[in-house]
Amino acid sequence: MHWLKRWLVPIYYYGTWPIRASSGWLLARQGRCPIGVVVYHRVADHDLTPWTCPTDVFCQQIHWLRRRFELISLAEVQRRLRERTSYQPAVHISFDDGYADNARFALPWLLEQKIPCTYFVTVEQLQSGCPFPHDRTSGYCLPVHRPEELRRLADAGLEIGCHSYSHRDLGAVTDPAVLKKEILQSRRELEQILDRPVRYFAFPFGQLKNLNPEAFRWVRQAGYEAACSAYGVYNLPGRDWFHIRRIPADGWLLRVKNHLLFDPRRFFDPLPLRTAESELPHLVDPPMG
């Protein structure tokens, strides 16, 4: 399947280019440009898991993003959604999980370049230093950040967000005790570790099946300013500014181009406009080619 995508993505990308170019021009004139929020997990050149981006590919992607998009903060994403105006293609960069390898190159480089980034970490791994269960299941033992290192990154200007307490799939969880620990308690403990407010939450896994309305309500009631998913659609002016939709960016450069340059498939959102206040139906995830 991987080789098939490598073959099909260029055909789809270049075949739909006339539609992409014309729609991008029109949306910019109307102030309705989509805002892409991309999510990485780990940038490294060893133990190349499916959720690892090699450093040279990461650099290619960031250089391309800087040429084609305005790189903005998560707060600015929300402002544009709230004010229903977006006159320029824009992207925000985020990371999930909290792999220590990101501190070797990716995070210092982004900070040096003054590129806004939100870094979502899981509290249990941060406190214990234990690898993620999904890594151990796949045969990897990848180091995670420790509190001292994360505090230094926060002091350097990195926006730290919460990625739940234990990286648990919250899609079917309605137990108040579990939601309190994963969403509210995790924020309080992370704020104590960092000695600063934690403003944003990202759902583990982030696909449609990993979301539910009760969890969204807990995120809002816990005082977060935004809840982030990762099922691969754009943020459009007029959509709910509390729910930030994200697009995975761990793949090769052309795949990221395909995702971000006005892909017709990514304008459609299968969720209601105000996900934090309405029911989230069980839907099939959109294509991620």
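The side chains of Glu-76 and Arg-80 form a salt bridge, with an N to O distance of 2.7 Å. This distance, like every other value in this report, comes from a predicted model. Both residues belong to helix H4, which covers residues 74-83. Because Glu-76 and Arg-80 are four residues apart in this helix, about one helical turn separates them. Arg-80 has a relative accessible area of 9%. Buried means under 20%, so Arg-80 counts as buried.

## A salt bridge between a loop and a helix

Arg-196 and Asp-155 also meet through their side chains in a salt bridge, here at 2.5 Å from N to O. Arg-196 lies in the loop between helix H9 (176-194) and strand E8 (200-202), while Asp-155 is in helix H8 (residues 147-155), so the pair ties together parts that are 41 residues apart in sequence.

Asp-155 counts as exposed, at 58% relative accessibility.

Arg-217 is partly exposed at 29% relative accessibility, and Glu-214 is partly exposed with a relative accessible area of 27%.

Some salt bridges share partners, and in this way Glu-70, Glu-76, Arg-79, Arg-80 and Glu-83 are joined into one network. The structure holds 15 salt bridges.

Most residues other than glycine have a negative phi. Asp-47 has a positive phi, near 50°. Asp-97 also has a positive phi, near 95°.

Where in the chain is Asp-47 found? Asp-47 is in the loop between strand E2 (42-43) and strand E3 (52-53). Its relative accessibility of 39% makes Asp-47 partly exposed. Apart from neighbours within four places in sequence, Asp-47 is in contact with Arg-42, Thr-52, Tyr-140 and Leu-142. Phe-120 lies 73 residues from Asp-47 in sequence, and their C-alpha atoms are 21 Å apart in space.

Asp-97 lies in another loop, the one between strand E5 (90-95) and helix H5 (106-112). Is Asp-97 buried or exposed? At 4% relative accessibility, Asp-97 counts as buried.

## Helix H11

Helix H11 runs over residues 253-260. Six of its eight residues are buried, so the helix is largely enclosed by the rest of the structure. Which residues of H11 are buried? They are Leu-254, Arg-255, Val-256, Asn-258, His-259 and Leu-260. After H11 comes Phe-262, which has a positive phi near 55°.

## The chain as a whole

How many helices and strands does the chain have? Its secondary structure comes to eleven helices and eleven strands. Along the principal axes, the C-alpha atoms fill a box of roughly 50 × 40 × 35 Å.

Of the 289 residues, 57% count as buried. Among contacts with a separation of 6 or more, 71% are between residues 24 or more positions apart.

## Surface and charge

The chain exposes about 12500 Å², and carbon and sulfur atoms supply 55% of this area. The chain has 37 positive and 31 negative charges. How far apart are the mean positions of these positive and negative charges? The mean positions are 6 Å apart.

Key: Residues are numbered from 1 along each chain as its sequence is written. This is a predicted model: local features need pLDDT of at least 70, side-chain atom pairs count only at pLDDT 80 or more; totals for chains, interfaces and linings use all residues. Side-chain values use heavy atoms; hydrogens and water are left out. Helices (H or I, at least four residues) and strands (E, at least two) are DSSP runs, numbered from the N terminus. Buried means under 20% relative accessible area, exposed over 50%, partly exposed in between (1.4 Å probe, protein chains only). Contact means heavy atoms within 4.5 Å. Accessible areas come from the Shrake-Rupley method with a 1.4 Å probe; for residues, only the protein chains shown count as cover. Lys and Arg count as positive and Asp and Glu as negative; His and the chain ends are not counted. The place of a charge is taken as NZ of Lys, CZ of Arg, CG of Asp or CD of Glu. A salt bridge is a side-chain nitrogen of Lys or Arg within 4 Å of a carboxyl oxygen of Asp or Glu.
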